[in-house]
Amino acid sequence: MKKIISVLCTACLIAGSTATAGFKVQSVDGDLVKNCKSAYLMDYDSGECVYKQNETVRMPIASVCKVMTLTLAMEAIHNGKISLDDTVTASENAAGMGGSQVFLGSGCKYSVDQLLKSIVVCSANDSCVAISEAVAGSEESFVAQMNKKASELGCSDTLFANCTGLPKEPQYSCAHDVALMFKNLLSYENYFNYSRIWLEDFVHPDNRTTSMTNTNKLIRRYQSCDGGKTGFTNEAGFCLAATAKKDNLRFISVVLGAESSDDRFASTVNMFNYGFANYKNKIVLDKDVTLNDEFTVSGGKKHSFAVCPERNSYVFSAADKSPDVTHIIIAYDVKAPVQKGQNVGKIEVYKDGVLYDTVNVVSAEDVQKAGFGDYFKDISENWAI
């Protein structure tokens with residue numbers, strides 16, 4: 001059974017879900033991107049788009065396809081299928097990949113950590129194939145998983161033919177879908193352990209060394225940028241999916257089909273600057289702050305207990321807007337014992353009348369089960385004289 005504890009109306013803002021109902025992409029005076037075929041800018045937390053240009057046009061994305069390769073690898077680690085310390089023996093097939101690479105030695109053993117780092121930092125095609133074989137047994141099976149995952153994420157204009165992005169027909173994606181895929185990848189915090197690296201040596205088991213330099217120049221040129229994936233082929237042009245964060249606000253940008261490397265980086269910087277100047281993300285629920293309402297518990301040594309949000313919750317909006325937000329706090333029936341961190345309810349957040357975010361409410365303390373002495377004490381204290 002559930003019961004509504006309180007309804008709060010506030011002028012504050014809140015975000016944190018992927019809901020986009022009622023949100024309009026703001027018009028821009030002049031083009032943010034120059035000499036690019038497609039572009040997309042969205043808020044990471046809410047998934048709301050604030051700038052778009054030919055965002056659903058299907059086109060080759062070159063090595064940006066490795067966003068999905070990395071996603072499946074991170075997912076396999078999260079699910080315990082592989083670990084960062086596992087060793088992978090590079091096959092002749094993997095070692096023979098052309099294009100950008102770290103020159104894996106056929107038959108040599110490398111850690112999953114090494115391979116992932118080389119993919120993120122220097123876009124190593126050979127490491128991509130080695131990882132695909134470790135996760136799925138073959139690149140073909142891995143590509144099938146890539147397409148399945150793309151479908152699950154709602155990427156309706158995406159088709160992968162390999163895990164590297166090297167030219168092969170048919171394969172394509174679009175700026176909108178790349179943003180969705182990159183958003184999913186960024187949910188794995190381990191990604192940022194690699195994406196911020198600028199220069200590092202890749203040491204092979206036979207004592208060879210390959211120098212890796214990050215292909216995403218913005219981690220040095222744009223202070224708030226802490227991740228990204230570049231791509232280039234003659235067919236795809238210059239591509240870049242990138243992310244930048246200032247305070248509580250993180251953006252994801254995608255540029256496809258730029259005429260030059262400078263165009264893709266300059267256009268991405270323009271989009272980031274536009275986003276940070278015109279939008280805000282304000283925290284309204286703090287997981288470290290207890291709610292004013294205490295929840296009741298039956299059969300416990302105490303009759304009520306403190307609660308807090310399970311996670312922070314933010315609102316994303318244009319800097320000059322203040323949408324109306326209503327909070328509804330819902331408590332579940334709870335019986336002792338209660339453990340700190342236990343899910344005991346939820347907060348529904350409505351933005352301009354539309355459900356925008358749902359945050360679990362958790363106990364901020366332990367509540368032990370009542371014993372005979374506790375019941376006797378209650379009877380004594382409530383005895384009518």
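A crossing of two helices is left-handed if the near helix is turned anticlockwise from the far one by less than a right angle, and right-handed if clockwise. The model shown is predicted: local features need pLDDT of at least 70, side-chain atom pairs count only at pLDDT 80 or more, and totals for chains, interfaces and linings use all residues. Residues are numbered from 1 along each chain as its sequence is written, and side-chain values use heavy atoms, without hydrogens and water.

**View 1. Helices α1 and α6 pack against each other.** α1 (residues 66-78) and α6 (residues 175-186) make an angle of about 30 degrees, with axes 9 Å apart; axes are lines fitted to C-alpha atoms, for helices over the stretch in contact, and angles run from 0 to 180 degrees between N-to-C directions. The crossing of α1 past α6 is left-handed. Helices (H or I, at least four residues) and strands (E, at least two) are DSSP runs, numbered from the N terminus.

**View 2. Residues of α1 meet residues of α6.** V67, M68, L70, T71 and M74 of α1 are in contact (heavy atoms within 4.5 Å) with M181, F182, N184 and L185 of α6.

**View 3. Five strands form an open antiparallel sheet.** Their order is β3-β2-β10-β9-β8, where two strands pair if DSSP finds at least two bridges between them. β3 (49-53) and β8 (225-233) are the edge strands, each with a single partner, so one side of each has no neighbour in the sheet.

**View 4. Strands β2 and β10 run antiparallel.** Six bridges join β2 (residues 38-43) to β10 (residues 249-258). S38 has L256 in β10 as its bridge partner.
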